[in-house]
Amino acid sequence: KQWYQRRVRGTANSRIASDQASSGQFVSYEPRNAIKTAERKISHVIAIIIMSFFISWTPYTVVNLLVTFDKDHIFSKGVHATIPAFLAKTSTLWSPIIYCAMNGEVRTANFKTLRRLKRTIRVLYFGGSV
């Protein structure tokens, strides 16, 4: 998560590094372990988002397929048809929740926004200044 800086020496192996060393520039680099860790975290987030999408939409798809081929199916009426539709519509809700839960920066920004919102509501309700 933290970028490291090192001064490139004239004895570096690459020509670019030696050119940068002669000009006195600093080269920023991130350790390979940190890059792999970040890629792993992103992969986990993407996998969870894809799973939540399938979990949300699969019941709705199955019910609609059953009703398409059998109009008198038990899932064609009432609560049996409503619950999968409701679950499918909540799929848009899961991505921000997953991002917030798994990304520290997003979580911190959301908590900061919620604190400001709470303070604003308190001011509007009880009066005073922000």
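Trainee: Which residues form one aromatic cluster?

Mentor: The aromatic cluster is formed by Phe 53, Phe 54, Trp 57 and Tyr 60. Before going into its details, please keep in mind that this is a predicted model, with an average pLDDT of 76 for the protein and 73% of the residues scoring at least 70. Confidence is highest in helix α2, at a mean of 88, and lowest in strand β1 (residues 4-7), at a mean of 45. Over residues 1-14 the pLDDT is below 50, although this stretch has 29 contacts in the model beyond near neighbours in sequence. Where pLDDT is low, the predicted coordinates should not be read in detail.

As for the setting, the protein has five helices and two strands, which follow one another from the N terminus in the order β-α-β-α-α-α-α. Helix α2 covers residues 32-69, and Trp 57 and Tyr 60 are three residues apart in this helix, so about one helical turn separates them.

Turning to the rings themselves, a search of the whole structure finds four aromatic pairs. One of them joins Phe 53 and Phe 54, in an edge-to-face arrangement with 5.9 Å from centre to centre and 80 degrees between the planes. The pair of Trp 57 and Tyr 60 is also edge-to-face, because the planes of these rings stand at 80 degrees, with the centres 5.5 Å apart.

Phe 54 counts as exposed because its relative accessibility is 51%, a value over the 50% cut-off, whereas Phe 53, at 45%, counts as partly exposed. Trp 57, at 26% relative accessibility, counts as partly exposed, and so does Tyr 60, at 25%.

The two phenylalanines also belong to a nonpolar patch on the surface, which they form together with Ile 42, Ile 46 and Ile 50, and which has about 510 Å² of accessible area in total. Of these isoleucines, Ile 50 lies in helix α2 and counts as partly exposed, with a relative accessibility of 43%.

Note on methods. Residues numbered from 1 in each chain as written. Predicted model: local features only at pLDDT ≥ 70, side-chain atom pairs only at ≥ 80, totals over all residues. Heavy atoms only, no water. Patch = residues over 30% accessible without salt bridge, like charges linked within 9 Å, V, L, I, M, F, W, Y side chains within 5 Å. Areas by Shrake-Rupley, 256 points an atom, 1.4 Å probe, with all protein chains shown as cover. Salt bridge = Lys/Arg side-chain N within 4 Å of Asp/Glu carboxyl O. Helix = DSSP H or I, 4+ residues; strand = E, 2+ residues; numbered from the N terminus. Buried < 20%, exposed > 50% of the residue type's maximum accessible area, 1.4 Å probe, protein only. pLDDT = per-residue confidence, 0-100. Contact = heavy atoms within 4.5 Å. Phe/Tyr/Trp six-rings, centres within 6.5 Å; stacked < 30°, edge-to-face > 60°.
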